[in-house]
Amino acid sequence: MPSVDSVIHDIANRLQVAYNDQVLCNQYAWWLLESLTGKSRAHLIEHTNLALTSGQQATLASWLKKLIDEKFPLQYLLGSVPFCGVEILVEPPVLIPRPETEEWTMRLINKLQKIMTPKIAILDLCTGSGCIAIALAQALPNASIFASDIEDHALRMAEKNCIHNKTSNVTIIKSDLFESIPKDLAFDLIVGNPPYIAPEEWQELDPSVKNWEDKRALVASDHGLNIIAAIIHHAPAFLKPNDELENSGIPQLVLEIGFRQAGQVKELFGQAGYCHIEIEKDLEGKDRLACARVVPCGYINKK
C-alpha cells in the first residue's frame with residue numbers, strides 16, 4: 001500500500017506540467033487528496049498509508065486532465081474556497097476569491113469588530129460570489145450588509161452563498177454600480193473589488209483565469225481605471241458620517257486596485273475631494289488597497 005507522502009508526491013509531480021511552482025503543486029495535491037477522500041490533511045498524515053479505490057483513481061485522473069490540459073481552475077473543480085472563516089461556493093464564470101482580497105477583508109473586519117457601535121450599514125459593490133459581503137455579515141451580525149452586482153450569474157452565486165452560510169443580514173441588489181441603489185440608503189462604509197485589469201493586460205493573464213473567469217468582472221477600460229473612477233466619483237452621495245468609525249481610523253471607501261494603479265487612484269481621490277487617502281499593500285508587498293474619507297467628512301444629501 002503506497003504512503004500518503006508518495007501519493008502527494010506523485011500528484012504534485014504531475015501538476016508541475018501546468019504549474020511551475022513546487023510549493024503550489026504540493027498545496028494543490030493536498031487539496032485534491034482531501035476532496036477526493038473526504039478526509040482532512042491531519043487524518044491522512046496520521047494514517048500514513050493510503051490505497052485509492054479504482055473509482056477514486058478514475059476521478060483523480062479526470063481532475064488532473066482538466067487541470068493540466070484544460071487549465072480548469074482548481075477552485076472551480078473543488079467547488080468552494082475558504083474565505084475569512086466562511087466557505088464560499090464558486091463555479092464558472094464567477095470570479096474566484098483571491099488571497100489578497102481575503103487579507104484586506106480580514107484586516108477590515110478586525111478593525112470593525114473593535115468599535116462600540118456594530119449596527120452599521122455597509123455596501124459591497126461588484127460583489128461577485130458575495131465573499132466580502134458574507135464575510136462581513138458573519139463577523140458583524142448586527143450590521144446591515146448590501147451586496148450589488150450587474151451580472152445575473154454573480155447575483156445567483158451570491159444568493160446561493162448566503163443560503164449556504166445561513167447569512168440573514170445581507171441584502172442583494174442588482175445594480176450597475178450605484179444606478180439602482182435606493183436613493184434613501186446611506187452607508188457608513190462602501191467596499192468593493194471592482195474590475196481593474198487593463199484591456200491590454202488581459203491577454204497576458206494565465207489561461208486558468210482568462211479562459212474561465214468572467215472578463216467583465218476583471219477588465220475595465222481606461223487602463224483599468226474606468227470603474228474605480230466611477231465609484232470614487234459617485235460614492236460621496238451615498239456615504240453618511242460616523243464619528244466612531246472616523247475616530248477609529250476606519251475609512252469610508254475601501255477599494256481593491258491593481259498594483260500599478262496607486263498613483264492614479266490617489267489622484268482620482270484627490271480630484272473628487274477625499275481626505276485621509278491611504279494605499280495598503282498585499283501579501284506580496286504590492287499596492288493593492290485604496291482607502292479614503294470624503295471631504296467634508298459627512299453625508300452629502302442626494303438631490
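Biologist: Where is the place of Gln252?

Modeller: This is a predicted model, in which local features need pLDDT of at least 70, side-chain atom pairs count only at pLDDT 80 or more, and totals for chains, interfaces and linings use all residues. Residues are numbered from 1 along each chain as its sequence is written, and side-chain values use heavy atoms, with hydrogens and water left out. Helices (H or I, at least four residues) and strands (E, at least two) are DSSP runs, numbered from the N terminus. On that numbering, Gln252 is found in the loop between helix 13 and strand 7 (253-256).

Biologist: Is Gln252 buried or exposed?

Modeller: Buried means under 20% relative accessible area, exposed means over 50%, and partly exposed lies in between, using a 1.4 Å probe and protein chains only. Because its relative accessibility is 1%, Gln252 counts as buried.

Biologist: The side chain of Gln252 has a polar atom 3.4 Å from the backbone oxygen of which residue?

Modeller: A polar contact is a pair of N or O atoms within 3.5 Å; within protein, one must be able to donate a hydrogen and the other to accept it, and residues adjacent in sequence count only if both atoms are side-chain atoms. Here the backbone oxygen, 3.4 Å from the polar side-chain atom of Gln252, belongs to Lys240.

Biologist: Which residue meets the side chain of Lys240 in a salt bridge?

Modeller: A salt bridge is a side-chain nitrogen of Lys or Arg within 4 Å of a carboxyl oxygen of Asp or Glu. For Lys240, the N to O distance is 3.9 Å, and the partner is Asp188.

Biologist: How many residues apart in sequence are the parts that Asp188 and Lys240 tie together?

Modeller: Asp188 lies in the loop between strand 5 (170-174) and strand 6 (189-192), whereas Lys240 lies in the loop between helix 12 (226-234) and helix 13 (243-247). Asp188 is buried at 5% relative accessible area, while Lys240 is partly exposed at 29%. The pair therefore ties together parts whose separation in sequence is 52 residues.

Biologist: Which residue forms a salt bridge with Glu280?

Modeller: Glu280 is buried, with a relative accessible area of 16%, and the closest N and O atoms of the pair are 3.8 Å apart. The partner of Glu280 is Lys111.

Biologist: In which helix do Lys65 and Asp69 both lie?

Modeller: The side chains of Lys65 and Asp69 form a salt bridge at 3.3 Å, N to O. They are four residues apart, about one turn of the helix, and that helix is helix 4 (residues 54-69).
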